[in-house]
Amino acid sequence: MSELQLQLNHLRELEAESIFVMREVAAQFENPALLFSGGKDSILMVHLAMKAFAPARIPFTLVHVDTGHNFEETIQFRDRLVERLGAKLVVGSVQAAIDRGELREETGYNASRNYLQTHVLLQTLEEGKFDAALGGGRRDEEKARAKERFFSHRDEFGQWDPKNQRPELWNLFNGRKHYGEHFRVFPISNWTELDVWQYIQMEGVELPSLYYAHHRRVFHRDGMLLAESEFVPRRPEEEVVEMQVRCRTIGDISCTGLWESDATNLEGIIQEVAVARQTERGGRADDKRTETAMEDRKKEGYF
Amino acid sequence: MSTPTEHTELLRFSTAGSVDDGKSTLIGRLLYDSKSIFEDQYDAISKTSEKRGEEGVNLALLTDGLKAEREQGITIDVAYRYFSTPKRKFIIADTPGHIQYTRNMVTGASTANVALILVDARKGILEQTRRHAFISSLLQIPHLVVCINKMDLVEWDEAVYNKIKDEFSSFSHKLDVKDVHFIPISALTGDNVVERSENMSWYDGSTLLYYLENVHIGSDHNFIDARFPVQYVIRPYRDEFHDYRGYAGRVAGGVFRKGDEVTVLPSGFTSTVAAVDTYEGEISEAFAPMSVTLRLEDEIDISRGDMIVRTNNQPESTQDVEVMICWFNERPLQPRGKYTVMHTSRSVRCIVKDVRYKLDINTLHRNEEELTIGLNDIGRVQLRTTAPLFVDPYRRNRITGSIILVDEQTNETVAAGMVI
Ligand SMILES: Nc1nc2c(ncn2[C@@H]2O[C@H](COP(=O)(O)OP(=O)(O)O)[C@@H](O)[C@H]2O)c(=O)[nH]1
């Protein structure tokens, strides 16, 4: 047999690696959760999990931290997906935590509920007694993520200690922990944004319509486009215009930047991503607060 | 960034260099010249360069991540970087070069196809260069590329390049490296990194990027010895799949096909592969590093930690394992100490029976007197396990030949080991 036949292309190799990591999680932990944000990375994660355990159902509970400030499509999409998979869904609600007085809403024009998510995430993981949480973080997204392990150990407070990470060699993943501690696991660590899109195209993975170019009422703020929404107060000078836009990443509506685009299908998106001159997180207001915003949030327990 | 295609392969390489050899500049250059840097990243580093009063944009800033590192101006952990060309997608494991970070170098090297070693043309081969070359050979990185950097500072002189090349070759002969390649470059100006150098017309070899795009990695996996560590047993508990029992795992060596006669370790039962399953359905064959699910003709009790192998080609099944280890923890190896060994999907307990010698990684001298194995030390030890492991020599298979040791009290990964 020629060796040429025994070579996987990069997407199949990444897929094999991610499936391997997911199966390790199912084998090494008692009660793993899969963090589902509704974004393309978590949709990809669900797709990979489906492939990893077929023909059985995925052995993870889906956990969604709901800021209450969503694009409507996200929730509809989530519910349909959960039904199709026959999976279990647990929703942690930021609104409920605010109502209970555990969290205080930020005020002002740049108010965002993204920072309130950490509290609700940790609470939901604790209440559900989840000992591992799978996330769709990728190392190419942000510089603090570049050093994240596949299996990332968290102390009892859910905190990450970047200086004291367990070495990770070959494909040996050490998920041992003391009572009360848990792990965050990132099976798609080695994928780039372009890999994700190419794979989605290759596999025909269904995505919410928000990812494709559509007409929407938007306004400019700090070099970004934000969606007009009852949840996002506008300054008087911020004028709403209709434009053709799409999302590159989806989060809380108040900080999800939209991009002017005419990519109405995957070929178009891949073209755009390939020549993109801004990282996808370049559209996220939450990363822009300080130079090390992501690292600081991760230490506290953010994804 | 050019778009990879369906035919794009994945190549992992590790970098190591002494402080100031220009490693960060080189990686920044590869990312920048292959158009993998985004405008906002570029703006951020140019702002930082300006704030620090640096002249021009410091591409090296692209590659350091954590705050502490930025403050101290050094790389202390393994950081992963990505770029791609139409031919290949590259994953760089960027590791610090100093001796106190040997463990990080070992970590970065463990999965690499290529080791990139940087030498400052003005300084020539240093102790650290030898150390990196040794670690690359210890971890059996199949290809080594030595970049002789800062050629602009030695008037692009061929004699300097040749002298360093000869010196490197004279000691790398003693190491277990199969494929060594030399390239004279300037990371700062970009000569021979992505574009051919006009200053070094005497050099007719390839540029670094061309090398990385074309080095043959097709035989880096073992396609001979069929090994399938069982990770997880799939039992759907659904009517339509009532009797389904699949063994999920990632092929660690060789090729598996329907009809193959296989033996399951440790039980020793023999059966036949009934199907190689994936989500899409049955496929004709599976090879490393594919993740698939195997079904067998016979009902045998199989669980995680078992290994499915070809009956006529089996690994060594043993409770006495000789390994070269690299120690990762502040607390030294405890002679007669007990640890958990993780090997493929299998975990067993072990006791350290004997420390054979400690290796001076600069001189390769074997020290049989002073046997304390502390942080970053490398040595040969003998382990006795509570249950058999199914191992191949690391030289033959990097997956079935590798282990890690876990401290049973702290749960930390304290060592990496290569089976001899
Ligand atoms: N003249 C010259 N300077 C270089 C070259 N490569 C790196 N440098 C400089 O060497 C210094 C150290 O480089 P850096 O990339 O930070 O080294 P690292 O510590 O190995 O990551 C910086 O001042 C670089 O600008 C080169 O090819 N030529």
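**The ligand and what lies beyond**

Guide: Start with B:Gly22, where a polar backbone atom is 3.0 Å from an oxygen atom of the ligand. I'm calling that a polar contact, meaning a pair of N or O atoms within 3.5 Å (within protein, one must be able to donate a hydrogen and the other to accept it, and residues adjacent in sequence count only if both atoms are side-chain atoms). Before going on, keep in mind that this is a predicted model, with local features needing pLDDT of at least 70, side-chain atom pairs counting only at pLDDT 80 or more, and totals for chains, interfaces and linings using all residues. Residues are numbered from 1 along each chain as its sequence is written, chains are lettered from A and ligands numbered from 1 in the order in which they are written, and side-chain values use heavy atoms, with hydrogens and water left out.

Back at the ligand, the side chain of B:Lys150 puts an N or O atom 3.1 Å from a ligand oxygen. B:Ala187 works through its backbone, with an N or O atom 3.0 Å from an oxygen of the ligand. On its own the ligand exposes 580 Å², and the protein buries 75% of that (Shrake-Rupley areas, 1.4 Å probe; for residues, only the protein chains shown count as cover).

The shell has 16 residues, and B:Asp20, B:Lys23, B:Ser24, B:Thr25 and B:Asp152 come nearest; being near takes a heavy atom within 4 Å. By type, the shell splits into five nonpolar, six polar and five charged residues. Here Ala, Val, Leu, Ile, Met, Phe, Trp, Tyr, Cys and Pro are nonpolar, Asp, Glu, Lys and Arg are charged, and the others, Gly among them, are polar. Helix α1 (23-33) of chain B contributes the most to the shell, with three residues. Helices (H or I, at least four residues) and strands (E, at least two) are DSSP runs, numbered from the N terminus.

Now for the sheets. In chain B, six strands make an open, mixed sheet in the order β2-β3-β1-β4-β5-β6, where pairing needs at least two DSSP bridges between two strands. β2 (79-84) and β6 (179-184) of chain B are at the edges with a single partner each, so one side of each has no neighbour in the sheet. From one strand to the next, the twist averages 25°. Inside that sheet, β1 (9-16) and β3 (88-94) of chain B run parallel and are joined by seven bridges, with B:Glu9 opposite B:Arg88.

The other chain reaches this sheet too: helix α1 (10-28) of chain A lies across β1 and β3 of chain B, at about 70° to β1(B). Contact means heavy atoms within 4.5 Å; axes are lines fitted to C-alpha atoms, for helices over the stretch in contact, with angles from 0 to 180 degrees between N-to-C directions.

Chain A has an open sheet of six strands as well, ordered β3-β2-β1-β4-β6-β5 with mixed pairing. Its edge strands are β3 (89-93) and β5 (151-154) of chain A. Three bridges link the parallel strands β1 (32-35) and β4 (132-134) of chain A, and A:Pro32 has A:Ala132 as its bridge partner. Helix α2 (40-53) of chain A lies across β1, β2 (61-66) and β4 of chain A, at about 140° to β1(A).

One runs from A:Ala54 to A:Pro55, with A:Pro55 in the loop between α2 and β2 of chain A. Another joins B:Ala288 and B:Pro289.
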